[in-house]
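This report sets out the architecture of a single structure, element by element. The sequence and coordinates are shown first.

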Amino acid sequence: MTPTQRPWAVFDIDGVVADVSHRVVHLTAAPPDWETFFALAGSDTPLPQGLALVAEVLATHEVAWLTGRPERIRAVTTDWLSAQGLPTGHLHMRPDGDDRPASVLKSAWLVELARIRPVAVVVEDDDAVVSALLAAGWPVRQAVWAAPAAPLHTAQERWGRT
């Protein structure tokens, strides 16, 4: 099987391979402190279960990342992924100024990816995104190894920020 024939294994970053729990406190401020929240992204702790799943699928799938992280922190994100030994080639990040809910944004990206090759699995932690993707017929595996954070869910779905 050539790399162009391998199906996609699509992963979220925050809550799937990166533990953002140390940053969530900055989303509980009024107003949320987005600059500090994103400035600390490079210090996220890796989530072993997510790293292991990526390693498992790499032999037979092409990995793509769909993250609500803003485009302006692309370098921080690619550096972090590289430091964990993860691929960085197919990284889709939220365009700066795009405040669509994560479920809408990721659904649109999946349609684009499916035009290139089949999507075999989407690994996502957010309940709203998982529900939307399942309803649209995507093959989703919910990441349950990181503690859910209500402020992060609100940031993704109501504010369209991560």
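The sections below treat the sheet, the helices and the nonpolar cores of this predicted model.

## The sheet

Five strands make up an open sheet with parallel pairing, in the order S5-S4-S1-S6-S7. Its edges are S5 and strand S7 (140-142), each of which pairs on one side only. Averaged over the sheet and with direction ignored, neighbouring strands are turned by 20 degrees against each other.

S6 and S7 run parallel and are joined by three bridges. Val122 has Val140 in S7 as its bridge partner.

## Helices on the sheet

Helix H4, covering residues 102-116, packs on the sheet and touches S1, S4, S5 and S6. The direction of H4 makes about 155 degrees with that of S4.

Helix H5 (residues 127-135) lies across S6 and S7 and runs at about 160 degrees to S7. The buried residues of H2, in turn, pack against S1, S4, S6 and S7.

In H2, the residues Gly50, Leu53, Val54 and Val57 are buried. These residues lie on the same side of H2 because they cover an arc of only 100 degrees around the axis. Pro48, Ala55 and Glu56, on the other side of H2, are exposed.

Within H5, Val129, Val130 and Leu133 are buried. Viewed down the axis of H5, the buried residues fall within an arc of 100 degrees and therefore line one face of the helix. Asp127 and Ala135 are exposed, and they sit on the face of H5 turned away from its buried side.

## The ends of H5

Asp126 caps the N-terminal end of H5, with a side-chain oxygen 3.0 Å from the backbone nitrogen of Ala128. Just after H5, Gly137 adopts a positive phi of about 90 degrees.

## Nonpolar cores

The largest nonpolar core contains 27 residues, of which Phe11, Val17, Trp65 and Val123 touch the most other members. At least two residues of this core come from each of strand S1 (8-11), helix H1 (34-39), helix H2 (48-57), strand S4 (62-70), helix H3 (74-83), strand S5 (91-94) and strand S6 (119-124). Another core, of 16 residues, lies apart from it and includes Ala64, Trp109, Leu110 and Val140.

Which residues does Trp65 contact, leaving aside its neighbours within four places in sequence? The contacts are Phe11, Asp12, Ile13, Val17, Val54, Leu81, Leu86, Pro87, Thr88, His90, Leu91 and His92. Among them, Phe11 and Val17 are also named with Trp65 as residues touching the most other members of the largest core.

How values were computed: Residues numbered from 1 in each chain as written. Predicted model: local features only at pLDDT ≥ 70, side-chain atom pairs only at ≥ 80, totals over all residues. Heavy atoms only, no water. Core = buried A, V, L, I, M, F, W, Y, C linked by side-chain atoms within 4.5 Å. Buried < 20%, exposed > 50% of the residue type's maximum accessible area, 1.4 Å probe, protein only. Helix = DSSP H or I, 4+ residues; strand = E, 2+ residues; numbered from the N terminus. Contact = heavy atoms within 4.5 Å. Pairing = 2+ DSSP bridges. Axes fitted to C-alpha atoms, helices over the stretch in contact; angles between N-to-C directions. Arc of directions from axis to C-beta. Polar contact = N/O pair within 3.5 Å; in protein donor to acceptor, adjacent residues only side chain to side chain.
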